[in-house]
Amino acid sequence: MPHRPTQRIGPFALIRTLAWLRICAIAGQSTAVLVCAWWMRLNIPLLPLLLGIGLLAVFSVFAAWRLTQPWPPREWEAVGHIAFDTLVLGYLLYFTGGASNPFITLLLVPIALSAAALSARSVLAVAALAGVAYVILLYSHVPLPTPLHENSPSRFSLHVAGMGVNFVIMAALLSFFISRLAHVLRLQQLEVQRVRERALRDEGILAIATQAAGAAHELNTPLSTMRTLLPELRREHAGDTSLAEDLELLEGQVDRCRTILREMVAFGKAQLSQEPERLTMSAFIRGCLERFQLLRPEAELILTLDEDIAQTVLRTPPGLRHALLNLLNNAADASAVNHSHAVALQVSRDGDWLQLSVRDHGPGFDTDGELTLLGYSQKQTGLGIGLALAEATAERLNGELIARNAERGAEVCLRLPLAVIAEK
């Protein structure tokens, strides 16, 4: 069955929206009651109305406190908040004309909000509660009093004016708060999409890692055979200087391949043990650069290491060294496109973040494509996994990978939180 992402916003967003709506309701209800009692001189039960508004204010304080607590709210809790608001609104409408009050349509606002945030069962419960409240107010209520003064507007005129005010309030509330809920929904949909893309990328990386493990196991035998035969070939052709140099180079490359295979096994063991390597920043960078110079001896590397970060002790996790080497190797390949060997590495600290910025003198990134898409490469000989692996490492360490075009070439910045990778 295909995955169907949920479209619900969630109880927390609804309760937060209700908290703001409740504050607006308290202000509006207080103003309406005081205007009717003091300015229009209507004989309304002032004390019961103020008591209901005060009860709503106390619950508003409780709701604000609830939003600060660490445990997430459940759906039934959001329905409880709506039920309390509906009961208080029904209580106030009972003393102000019941169903004949033009503000009776405010009972529809919780239904509209819950429909955007809760399940169908909860929406039906909220709608049933509002319907029961409407039916009760239709037959049981305190009638609105008649204006006392002769110059006062008639009851029908007051009803029409109340309908106009109610229309404005309903339009403002629905447009503002539902737009907020829709914004939260869009953010959640984007997050679901990002999580899905990461899951697909990680699944592809896992498939590549599985194939790489099998290939490493199979390559060990032919490499051992080559390592045995190459010294014999060198002895048999000792007089051929040119061939001897080529065989010596080939022997070195075979040894390098065997070392890489052993490092792959060691890396897997380190991943299983979850034991980070403890090194100072300068030692970690020096080890990476020595490894990079062996891989790319032609590269002209320029290192800038800030003194305030050089002696910081890192809990170097498995994979960080490979991520940095991938970035340096990609930079060297990019510079080679423009017949340059220049690669720059800047290690700096930005607040609580460690920044590893690698810059090349290549043609730059194609802004129309995904920079970290697995299998996508702008190099004819590339596999398209270097940046994807580096980004996966950054995300695993709660960091980020930022790729952008520079004035000459491109720059890739690996940002990692020091709280995750540095000794406290």
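## Salt bridges

A salt bridge is a side-chain nitrogen of Lys or Arg within 4 Å of a carboxyl oxygen of Asp or Glu. This is a predicted model, in which local features need pLDDT of at least 70, side-chain atom pairs count only at pLDDT 80 or more, and totals for chains, interfaces and linings use all residues. Residues are numbered from 1 along each chain as its sequence is written, and side-chain values use heavy atoms, with hydrogens and water left out.

The structure holds eight salt bridges. One of them joins the side chains of E77 and R66 (2.6 Å, N to O). E77 lies in helix 3 and R66 in helix 2 (residues 46-67), so the pair ties together parts 11 residues apart in sequence; helices (H or I, at least four residues) and strands (E, at least two) are DSSP runs, numbered from the N terminus. E77 is buried, at 12% relative accessible area, and R66 is buried as well, at 5%; buried means under 20%, exposed over 50%, and partly exposed in between (1.4 Å probe, protein chains only).

## Nonpolar core

A nonpolar core is a set of buried Ala, Val, Leu, Ile, Met, Phe, Trp, Tyr and Cys residues joined through side-chain atoms within 4.5 Å. The largest has 36 residues, and I285 and L324 have the most contacts inside it. Helix 10 gives the most to this core, with eight residues.
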